[in-house]
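Subject: Structure handover

Hello,

Here is the structure I promised to pass on.

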Amino acid sequence: MSRIVLGVSGGIAAYKACEILRRLREDGHDVTVVPTENALRFVGETTFAALSGKPVATDVFTGADAIPHVRLGREADLVLVAPATADLIARQAAGRADDLLTNVLLTATCPVLVCPAMHTEMWLHPATTQNVATLRSRGIVVLDPASGRLAGADNGIGRLPEPAEIVGIAEALLEGDISTRAAERDLTGLSVVVSAGGTHEAIDPVRFIGNASSGRMGVEIARAAVLRGARVTLVAAHVDVPWPSSVDVRTVASTADLATAMTETAASADIIVMAAAVADFTPIAPSGEKLKKSGGDGMSLELIQTTDVLAGLTRARRAGQTIVGFAAETIADETALVAAGRAKLSRKGADLLVVNDVSDHKVFGMSDTTVMIVDTAGACGRVAASKAVVAHRILDAVVNHRAMAN
Ligand code: CTP
């Protein structure tokens, strides 16, 4: 159980803090809500108290005998501010301590995640830009707001990302040591293309050959890359999990569609990650009509091998491009698994290969995984964690590889 301080400041998105709080509590965390005075104009103290199971204070004088302004920040495993208004961010950047929340922010030594939400003009104002840069330079993870409907009739950048997205990032920060690189935004200016999910190869208009991939690993890599400042395109084959709203998405069905989308998007990408589970075979002549039982004992389907998308991308590689492949193997022995990974890495011509053992339903659809990250120099790193944290470790390997290559 982690101790989280949920700071809420006074914007219309304060109502979404209730959903964030509910999700964190359902996941077993101990959450203390610290709203600003203005947040309580949007959501009542009773709501926060009932949902968190704890009393709620906004100032440093309530229950002063327990020294809440120091204790809360010191004891927290994570401070999450959602929504963070332009005013809260300005006060935090200036180091003010004029209410309980800003006191907590000054005393916290744990990771701090700030989720801004405000009108577009306020987000784009140089004052806010500078304040956000100040926070990031201090190791604070500041999300970029999403685009969409704002208060009133306005539309644009400034929306609070969805509660599920925020909770996913908060839990990754609690689990893995990822806040430094997320605050540095070490992928700023880079374009990342990630494929995810399983392809479907049509047999007839209603049947297909598919696989058990949920797309979760690829989606987590896309999410991690966004957090680290990259522009991200997700080429989504059949994906069963929600993806972040700030990625460009191209949905595809078959391996042939995936090959086209990857070739087009990869042309301008700096980093390409082929996390999709691609069918190796496709029906040679899919039927245009639904196949009928023929009255015989069975049927046979003639298949032809698909094109190897990853190998095609590595052949067309531009200078400065880093290409990451995956390998799904059913080899339980780790030494043999890594050996198979090394052979596949050189066969495919990728820079890095993420190898995992997918036997016994250990990987597809699961939130945790164990992978070996193999590189062309022969090094191999083992990571066992949630897919959200594994995604960051894969990006760490990409960043290291690019630093060595330059
Ligand atoms: N891949 C691809 N195109 C294919 C098959 C696979 O781009 N037609 C990619 C996958 O996205 C993955 C990597 O190649 O990044 C390895 O996939 P995997 O299924 O492990 O290997 P295969 O090439 O299919 O080799 P094999 O099944 O024979 O082990």
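The ligand takes up the space of the second largest pocket. A pocket here is an open set of points on a 1 Å grid over the protein atoms alone, with protein on both sides within 12 Å along at least five of seven lines. A molecule sits in one if more than half of its atoms lie within 2 Å of its grid points.

This is a predicted model: local features need pLDDT of at least 70, side-chain atom pairs count only at 80 or more, and totals for chains, interfaces and linings use all residues. Numbering runs from 1 along each chain as its sequence is written, and side-chain values use heavy atoms, without hydrogens or water.

Now the polar contacts (N or O pairs within 3.5 Å). An oxygen atom of the ligand lies 2.7 Å from a polar backbone atom of Leu310. A side-chain N or O atom of Asp280 is 2.8 Å from a ligand oxygen. For a backbone N or O atom of Met274, the distance to a ligand oxygen is also 2.8 Å.

Then the cavity, where a 1.4 Å probe fits but cannot get out. The structure has one of 30 Å³ or more. α11 supplies the largest share, four residues.

Best wishes

Key: A polar contact is a pair of N or O atoms within 3.5 Å; within protein, one must be able to donate a hydrogen and the other to accept it, and residues adjacent in sequence count only if both atoms are side-chain atoms. On a 1 Å grid over the protein atoms alone, a cavity is a set of points where a 1.4 Å probe fits but cannot get out, and a pocket is an open set with protein on both sides within 12 Å along at least five of seven lines; lining residues have an atom within 4 Å of a point. Grid points are joined across faces, edges and corners, and a volume is the space filled by probe spheres set on the points. Helices (H or I, at least four residues) and strands (E, at least two) are DSSP runs, numbered from the N terminus.
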